[in-house]
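Biologist: I'm new to this one, so please pick a single part and take me through it slowly. Tell me what surrounds it, too.

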Amino acid sequence: MKVTQFLKDHYKHFNAAALIDAAEGYKAHLNNGGKMMITLAGAMSTAELGIILAEMIREDKVQAITCTGANLEEDIFNLVAHDFYERIPNYRDLTPQDEVALLNRHMNRVTDTCIPEEEAMRRLEHSVLKYWQKADQAGEAYFPHQFFYQILLSGELEQYYQIDPKNSWMLEAAKKNLPIFVPGWEDSTLGNIFTGHVISGDVKNVHTVKTGIQYMMELASWYTETAKEDSTIGFFQIGGGIAGDFPICVVPMLHQDLQRTGVPLWGYFAQISDSTTSYGSYSGAVPNEKITWGKLGIDTPKFVIESDATIVAPLIFAIVLDK
């Protein structure tokens, strides 16, 4: 039995039904000529969402991605150091002493998975520093994802690949030159490493890596060129935080701050989140709140699945891919 058929046979109510509705809405949006942005919060790359997200990119089911700096780099960490990762299924039972033991082994824990510092972070640092310095010396500047695209397309990391490269969403994105927007890149391992190299003088110009304000300018340009009344852009949000809040704000910015008319609202909205509605919470805010901010309209299809994104997102993508 196909995955899609199984889900439609059994996912009838509550969050299960919302999953089906969101997936069918996603497909309808694309079938009607729309485009889709996916936003990635949390540790989705370390959770190996890239296995199916890469396929979504190959099949043109996503036209842009907004993600945290962590998701950007952690897909490449996994690509080059997967065999050195350690899974700790009993992570809830770890004592502070157990955590110190992991620290001493340079194993950085993300819930049940440890990322190896030397094989992942330092290996990528060695490559990316050369590209930062080359751009710095030439007086050039690029976005964080563009530096990674250059490295991946150069092939210099191929000798370190430890997973099937078709399961790396960043590699698939690089091949298509997919638009990526990374707000708050400074809050990432490579962002910290870049800061260190600027402080130490290895990179002279801090603006060699472009900033979040420039990302918003790039997003505004892309959205204006891409969103049409008969081909709107959908918004598929995994988690919340800056990965979701930053890009969705481009629409009210275009309307209210630039006084532009004729710019369509987001044409579809779905969110997977385990954050409950609370006081001032963006991640837990119901979609209708976004109407008041000029992000969504009354008739925008809106879906919320309150569950674990590592479970839900692959199932929705499977339906979109007709698996």
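Modeller: Let's go with cysteine 249, which is partly exposed at a relative accessible area of 26% (buried is under 20%, exposed over 50%, partly exposed in between, with a 1.4 Å probe and protein chains only). Bear in mind that this is a predicted model, where local features need pLDDT of at least 70 and side-chain atom pairs count only at pLDDT 80 or more, while totals for chains, interfaces and linings use all residues. Residues are numbered from 1 along each chain as its sequence is written, and side-chain values use heavy atoms, leaving out hydrogens and water.

Cysteine 114, for its part, is buried, with a relative accessible area of 0%.

Now look at helix α12, residues 250-257, where Val250, Val251, Pro252, Met253 and Leu254 are buried (helices are DSSP runs of H or I, at least four residues, and strands runs of E, at least two, numbered from the N terminus). Among the elements covering those buried residues are α10 (212-226) and α11 (241-248), where contact means heavy atoms within 4.5 Å. After α12 comes glutamine 259, with a positive phi near 55°.

Glycine 280 sits in the loop between β8 (268-273) and β9 (302-306).
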